[in-house]
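Subject: Structure handover

Hello,

Here is the structure, with the sequence. My notes on what was found in it follow below.

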Amino acid sequence: MTAASTTTADFEKDVLQADGPVLVDFWAVWCGPCRMVSPVLDQIQEENPEKIKIVKVNVDENPELAMKYQITSIPAMKLFKGGENVTTIIGAKPKQAIEQDLAPFI
């Protein structure tokens, strides 16, 4: 199961109103580090389907979301719980490091 995509139109339903934690991966097609972290996030999603939902936001296609959440560099991942941004992970990291960042929330 790979991470789903969301858009400005669906962000509230997919992320802010979701039950449980949602990790939003802000990325772009031209971003090499984003392409490196994508399979890692897919693995985390596959291994924790009941604990966390991971969605991707293409910053080029959804610039208003990137502005709203102050995305200045990508990859940037923001974890939302109960509609609130509870933690932010910046940059491509190995799976173990991302899992450590997410551990308090899943």
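Helices (H or I, at least four residues) and strands (E, at least two) are DSSP runs, numbered from the N terminus. This is a predicted model, in which local features need pLDDT of at least 70 and side-chain atom pairs count only at pLDDT 80 or more, while totals for chains, interfaces and linings use all residues. Residues are numbered from 1 along each chain as its sequence is written, and side-chain values use heavy atoms, with hydrogens and water left out.

Sheet

An open sheet is formed by 5 strands, in the order β1-β3-β2-β4-β5, with mixed pairing; two strands pair if DSSP finds at least two bridges between them. The edges are taken by β1 (4–5) and β5 (84–90), each with a single partner strand, so one side of each has no neighbour in the sheet. Parallel pairing joins β1 to β3 (residues 53–58) over 2 bridges, and Val55 in β3 is the bridge partner of Ala4. The pairing of β4 with β5 is antiparallel and runs over 6 bridges. Within β5, Thr87 stands opposite Leu79. A hairpin is made by β4 and β5 with 2 residues between them, and Gly82 in its turn has a positive phi of about 60°.

Helices on the sheet

Helix α2 (residues 32–47) lies across β2 (22–27), β3 and β4 (76–81), at about 155° to β3. Helix α4 (residues 95–102) also packs on the sheet, where it touches β2, β4 and β5, and its direction makes about 160° with that of β5. Contact here means heavy atoms within 4.5 Å. Axes are lines fitted to C-alpha atoms, for helices over the stretch in contact, and angles run from 0 to 180 degrees between N-to-C directions.

Loops

Most residues other than glycine have a negative phi, and most peptide bonds are trans. The loop between α3 (63–68) and β4 holds Pro75, and the peptide bond from Ile74 to Pro75 is cis, with omega near 0°. Gln70 is found in the loop between α3 and β4 as well, and its phi is positive, near 55°. Gln70 is exposed, at 67% relative accessibility (buried means under 20% relative accessible area, exposed over 50%, partly exposed in between, with a 1.4 Å probe and protein chains only). Asp19 sits in the loop between α1 (11–16) and β2 and is exposed at 77%.

Salt bridges

A search of the whole structure finds 5 salt bridges, each a side-chain nitrogen of Lys or Arg within 4 Å of a carboxyl oxygen of Asp or Glu. One of them joins Lys56 to Asp25, with the closest N and O atoms 3.3 Å apart. Lys56 is in strand β3 and Asp25 in strand β2, so this pair ties together parts 31 residues apart in sequence. Lys56 is buried at 9% relative accessibility, and Asp25 is buried at 1%.

Lys95 and Glu47 meet in a salt bridge at 2.8 Å, N to O. Because Lys95 lies in helix α4 and Glu47 in helix α2, the pair ties together parts 48 residues apart in sequence. Glu47 is partly exposed at 46%. A network of salt bridges links Glu47, Lys95 and Glu99. Lys93 forms a salt bridge with Asp101, at 2.7 Å between the closest N and O atoms.

Regards
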